Amino acid sequence: MVGKKQTAPQQVHSLLLDQCVPQQNLYRRLKQAIDLTFLYETVKPYYGKCGQKSIDPISFVKLMLVGHLENLTSDRAIIRCCQLRLDILYFLDYELGEALPWHSTLSRTRQRLPEKVFERCFEYVLTQCIELGLVDGHTQAIDAAFVEANASLDKLEAKPLAKWTLEKNEQPLVDASDRLSFDKTNQYVNPKKVTRNNRVYYSPNDPQACLATKPNKAFRLYYLASMAVDCSHHVITHIQADFADEKDSRHLMTIVDRTSRRLSSLDLSLRCVLADAGFSSGENYAALEKRHIEAYIPLFGRYNRVRDPFTYEPWQDQYRCSYGAVLRNHGIEMAGGYGNYQYIASFSACQNCPIKESCCGKRDRKSLSVTMYYREYERMVARLASAKGKQLKRRRSAVVEPVFGSLLNYFGMHRTSSKGKTGAHKRMVMAATAYNLKKWLLAKRGPKVVTQVLALHPEDSFLTLWDELLQQPIYS
């Protein structure tokens, strides 16, 4: 007789989540290791003294950490995941069957709380990493990457020419008659054949998201994530959100100053900075030297070290051509926002020169334009050419790029569902907090036990012992 299982809903009366979660579970160890009670005083100024009670700030932060640890970018997905996981319910201090907050509660709470609340959580975990010896603060590797914004290219609208604004923090005012929608149903406008840039078009869903692209990157609306990583154990020491249409070099000193202040408050000092060529500029080189920070940043731009057929004479601060004409320094001239020294020859020196036409062109005399930061450029070239510079260049790639790869692929930072630069910054900070927290837990557990394998001596191998056993008589 074939049996058939009878199913009937049964009410579980005695089930303790503490008994269901293994001792080595990640969330069980997290619950035992971290203490977030400081959040009650941190968020108190941002709530009233009457009305309905808000979500517990500890539960909110834990839900944010779960979203990044589980590589989730949606608040709906976070709630769905928590409903199905006993270990996450135990981490959140929720009982089986207890209703979780609505996903909209997470969005509203994230908008209500300012950035410094999220940064306070980041600094708490960073402090734990420092106490465990995972951060020394001496050398920081800096890099930047795109994070996709929650906006579509098909919904771009044209900015009215009379109402352009230079401030990205202000949403452009667009009249209905001035709008140019890129809806796919519009048969007169093909978005793939229209030249789109940030000066003309913007996204009404997220006005602060910028059109950008990089090699091997799609042309989309992005935010720029700028990050500093400690080279000791690859712990993130700073992360921030910036506009994607700005150069990386504009944000270098902001990253360095904020990282230096944070490390100084934790009794650490920043002494060396590693970055790629995107952060290169004479202003940055000079600012780092002024702060007594040793930098290794490859050159990128129009700086030209060799000025053939001219030879620089540093003792008189002048150039001399191969025909004897002297080009003296006539001060600094601003061009395109950059300061350059102007070295100009006298009219009589170039008047009878045999190569005047090929050297001066249509001008009466020769002039050279040299950046005012050429001394900083030369010192940077010398540092990069040294053995230490070549070693640190390889070290930078091995430190910061894997961290960015982990955040984008495994910690839910490849796309932000929040609107605006502030919302993107909050999500980046929480992703970095989750990354540091997981690294801290792995280091806190200690090194793995290494099992020693004892090898047999050649003459004591199994075959040798078996032969000796066969040679012995069966009966004595």
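Two strands pair if DSSP finds at least two bridges between them. The structure is a predicted model. Strand β9 (residues 310-313) pairs with strand β10 (residues 318-321), and in the hairpin they form Asp317 takes a positive phi near 50°.

- Asp75 forms a salt bridge with Arg110, and their closest N and O atoms are 2.9 Å apart. Asp75 belongs to helix α5 (residues 75-84) and Arg110 to helix α7 (residues 103-112), so the pair ties together parts that are 35 residues apart in sequence.
- Asp75 has a relative accessibility of 7% and therefore counts as buried, the cut-off being under 20%. Arg110 is likewise buried, at a relative accessible area of 6%.
- Arg220 forms a salt bridge with Glu148, with 3.4 Å between the closest N and O atoms. This pair links distant parts of the chain, with Arg220 in strand β5 (residues 220-230) and Glu148 in strand β1 (residues 139-148), 72 residues apart.
- Arg220 counts as partly exposed at 38% relative accessibility. Glu148 also counts as partly exposed, at 21%.

**Salt bridge within a helix, and a network**

- Glu376 and Arg379 form a salt bridge whose closest N and O atoms are 3.7 Å apart. Both residues lie in helix α13 (residues 374-385), and because they are 3 residues apart there, about one helical turn separates them.
- Glu376 is buried, with a relative accessible area of 14%, whereas Arg379 counts as partly exposed at 38% relative accessibility.
- A network of salt bridges links Lys31, Lys62 and Asp93.
- Side chains of opposite charge can pair when their charged atoms come close.

- β9 and β10 pair in the antiparallel sense over 4 bridges. Glu313 has Gln318 in β10 as its bridge partner.
- The hairpin of β9 and β10 has 4 residues between the strands, and Asp317 is the residue there with a positive phi near 50°.
- β10 and β11 run antiparallel and are joined by 3 bridges. Arg320 stands opposite Val326 in β11.
- The hairpin of β10 and β11 has 4 residues between the strands, and in this hairpin Gly324 takes a positive phi near 95°.

**Strands β11, β12 and β13**

- Strand β11 (residues 326-335) pairs with β12 in the antiparallel sense, over 7 bridges. Leu327 has Ala345 in β12 as its bridge partner.
- β12 also pairs in the antiparallel sense with strand β13 (residues 367-371), over 5 bridges. Ile344 stands opposite Ser367 in β13.
- In strand β12 (residues 338-345), 6 of the 8 residues are buried, so the strand is largely enclosed by the rest of the structure.
- In a regular strand the side chains alternate between the two faces of the sheet.

Conventions:
Residues are numbered from 1 along each chain as its sequence is written. This is a predicted model: local features need pLDDT of at least 70, side-chain atom pairs count only at pLDDT 80 or more; totals for chains, interfaces and linings use all residues. Side-chain values use heavy atoms; hydrogens and water are left out. A salt bridge is a side-chain nitrogen of Lys or Arg within 4 Å of a carboxyl oxygen of Asp or Glu. Helices (H or I, at least four residues) and strands (E, at least two) are DSSP runs, numbered from the N terminus. Buried means under 20% relative accessible area, exposed over 50%, partly exposed in between (1.4 Å probe, protein chains only).
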